[in-house]
Amino acid sequence: SGERTEISRQLDDWGLSAAEKDIAWMILKGLQFKEIATARGTSERTVRQQAQTIYAKSGMANRTEFAAHFLESYRF
């Protein structure tokens, strides 16, 4: 859909790696870090660290602000 393309473009603009983009999508879908870690076959600590990098690259403070950015921008 158009929103998906716009979100992908925004993630690219922030310079997220492929793994970070994957995690960003899961965050936006509402998965918890533990669930993301299980899905990716990694530790919850690694996912937390990657999430912090995602927030830093996007200029957002946390998960709530990150998700809100897309809700406000793209009106799912």
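Author: The protein exposes about 4600 Å² of surface, of which carbon and sulfur atoms supply 47%; accessible areas come from the Shrake-Rupley method with a 1.4 Å probe, and for residues only the protein chains shown count as cover. This is a predicted model, in which local features need pLDDT of at least 70 and side-chain atom pairs count only at pLDDT 80 or more, whereas totals for chains, interfaces and linings use all residues. Residues are numbered from 1 along each chain as its sequence is written, and side-chain values use heavy atoms, leaving out hydrogens and water.

In soluble globular proteins, nonpolar side chains tend to be buried together. Here the largest nonpolar core has 19 residues, with Leu11, Ile27 and Phe66 making the most contacts inside it. Such a core is a set of buried Ala, Val, Leu, Ile, Met, Phe, Trp, Tyr and Cys residues joined through side-chain atoms within 4.5 Å.

At least two residues of this core come from each of the helices H1 (2-13), H2 (18-28), H3 (33-40), H4 (44-58) and H5 (63-74). H2 gives the most, with five residues. The secondary structure comes to five helices and zero strands; helices (H or I, at least four residues) and strands (E, at least two) are DSSP runs, numbered from the N terminus.

Consider Ile27 in detail. Apart from its neighbours within four places in sequence, Ile27 is in contact with Phe33, Ile36, Ala51, Tyr55, Arg63 and Phe66, where contact means heavy atoms within 4.5 Å.

After H3 comes Gly41, with a positive phi near 65°.

Lys57 forms a salt bridge with Glu20, the closest N and O atoms being 2.8 Å apart (a side-chain nitrogen of Lys or Arg within 4 Å of a carboxyl oxygen of Asp or Glu). Lys57 lies in H4 and Glu20 in H2, so the pair ties together parts 37 residues apart in sequence. Glu20 counts as buried, at 8% relative accessibility, whereas Lys57 is partly exposed at 35%.

How values were computed
Buried < 20%, exposed > 50% of the residue type's maximum accessible area, 1.4 Å probe, protein only.
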